[in-house]
Amino acid sequence: MDSKPTSISAASANSIPTHIRLTNLIACIDIFCFNRQTPPTPRAGHAGVSIDEKWFLAGGGDNKNGASETLVMDMHKLVISVLTNVKGRHPLASEGLSVSSAFIDDDHFLVAFGGYNGKYNNEG
């Protein structure tokens, strides 16, 4: 597994240079047969929420592009899979978004809001 960090430089709102270091070290290893999964793409500024035995990761990016896939990790099985994949500058592929869970009519929903992907989003 390639665990070399990706480094990017960015300017903050007050023009003080910052340095962000992204890694893809969230890869899971099956401890029974030692099979490695393909790690998710490195990302910063993502949001996550857990519902029951699932951990959902949405948004984030590398200061150039937003992460287009929303991931779900089965924490019991330690398996990461892609829940959905969006195209272009979709609000879900934004850095700095927030995500929460909602329980409506006996169903769980993910609710995401805000973030930046070339424009500031105010969609929920």
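Biologist: What makes strand β4 (residues 54-61) largely enclosed by the rest of the structure?

Modeller: Six of the eight residues of β4 are buried, so the strand is largely enclosed by the rest of the structure; buried means under 20% relative accessible area, exposed over 50%, and partly exposed in between (1.4 Å probe, protein chains only). This is a predicted model, in which local features need pLDDT of at least 70, side-chain atom pairs count only at pLDDT 80 or more, and totals for chains, interfaces and linings use all residues. Residues are numbered from 1 along each chain as its sequence is written, and side-chain values use heavy atoms, with hydrogens and water left out.

Biologist: How do you know that β4 pairs with β3 and with β5?

Modeller: Two strands pair if DSSP finds at least two bridges between them; seven bridges join strand β3 (residues 44-51) to β4, and four join β4 to strand β5 (residues 69-74), so both count as pairs by that rule. Each of these pairings is antiparallel, with Ile-51 opposite Lys-54 and Phe-56 opposite Val-72.

Biologist: Why is Val-72 called buried?

Modeller: Val-72 has a relative accessible area of 11%, which is under the limit, and therefore it is buried. Leaving aside its neighbours within four places in sequence, Val-72 is in contact (heavy atoms within 4.5 Å) with residues including Trp-55, Phe-56 and Leu-83.

Technical notes: Helices (H or I, at least four residues) and strands (E, at least two) are DSSP runs, numbered from the N terminus.
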